[in-house]
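Thanks for coming. I will talk about aromatic rings and nonpolar cores today, so please look at the model first.

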Amino acid sequence: MTAGTRKIDVTVAEVVEVNDLVKRFRFIRSDGGEMPTFSGGAHTVVEMRDGDTTRLNPYSLMSDPRDRSSLMISVRRDDVGRGGSLFLHRHVKAGDKMRLSYPVNLFSLDLRARKHLMIAGGIGITPFLAQIAQVSAMHGQFELHYSVRSAALGSYADTLGQQYPYNVHIYHGDQGQAINLEGLLAGQPLGTHLYVCGPKGMIAWVLKTATTLGWPGAAVHSEEFLVPQSGQPFTVTIARTGKTIHVGEQQSLLEAIEGAGVDAPYLCRGGACGQCETEVVSYDGQFIHRDHWLTDDQKVCGNKIMPCVSRFEGRSLVIDR
Ligand code: FES
């Protein structure tokens, strides 16, 4: 078993409807023990048995990292997605047995920062809930700017505003409120680190504005896990065993090889961590690279693929796994 895929057997302790789109799930260890430690920004991969399909979806941990009694995630329902969030919303209830991966952090706070400036959009608030609990416990300085569609859909906005009235700023889209990003980034003290998590467009906007204003790359942190996209079915051959595997329209390459019994490494399952990087032995066709990991040159070169999110179209693909 590979690092990052170690599992914890858990029981669903509580399911809470946060608003029309979001539910919160609290998990305790089935053996009654303590949960592993983690730091703010970490995620877990939730394993879901949905009939014949095993779904493995990453979700940010939102609970206080100091609380080892349970782990909590919040999940936004995606009615047009591949089914993971719908499964959690429709079928998972208190008392169910599930499995979680050990927490992995790809979006940690830089504790050398003199101030943490956090920008969240929608369900992108979840890693910040754990980070804020961590920073507050350390008496660190933080400021959160949180953009929500409306008050009714602003998960945890009220609680955060009441708990940290001087640190938290909420922007309601339906009231025309928007973050003055340039002004905000231009007015920060030296030693501030910037963190962003939210919709793709928001992340791109924040990163571009920070670059334009001369923020050093090392002081800017973002988290964007991509969701595997459906596409044309294709076949892949595993060079080490000679096994040929069919990748279905709705499956990722990673899911297909796992389904065929290959113990493939992963951490994020969203094209961001690099853990699943796989050598291509030969191919006749074209890749649909969707990850944030490989460089443009590597993508053109065609000798590597990130099977968690990238696909292939063509006559033959042989990978080394
Ligand atoms: S598992 Fe993280 S990039 Fe594929």
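There are 7 aromatic pairs in this structure, where rings of Phe, Tyr and Trp (its six-membered ring) pair if their centres lie within 6.5 Å, with planes under 30 degrees apart counted as stacked, over 60 as edge-to-face and the rest as tilted. This is a predicted model: local features need pLDDT of at least 70, side-chain atom pairs count only at pLDDT 80 or more, and totals for chains, interfaces and linings use all residues. Residues are numbered from 1 along each chain as its sequence is written, and side-chain values use heavy atoms, with hydrogens and water left out.

Take Phe 107 and Phe 128: the ring centres are 5.8 Å apart and the planes stand at 70°, so this pair is edge-to-face. Phe 107 is buried at 1% relative accessible area, and Phe 128 is buried at 0%; buried means under 20%, exposed over 50%, partly exposed in between (1.4 Å probe, protein chains only).

Phe 234 and Phe 312 also pair edge-to-face, at 6.1 Å centre to centre and 65° between the planes. Both Phe 234 and Phe 312 are buried. Ring pairs join Phe 234, Tyr 283, Phe 287 and Phe 312 in a cluster.

Now the cores. A nonpolar core is a set of buried Ala, Val, Leu, Ile, Met, Phe, Trp, Tyr and Cys residues joined through side-chain atoms within 4.5 Å. The largest has 26 residues, and Val 236, Leu 253, Ile 257, Leu 317 and Ile 319 touch the most other members.
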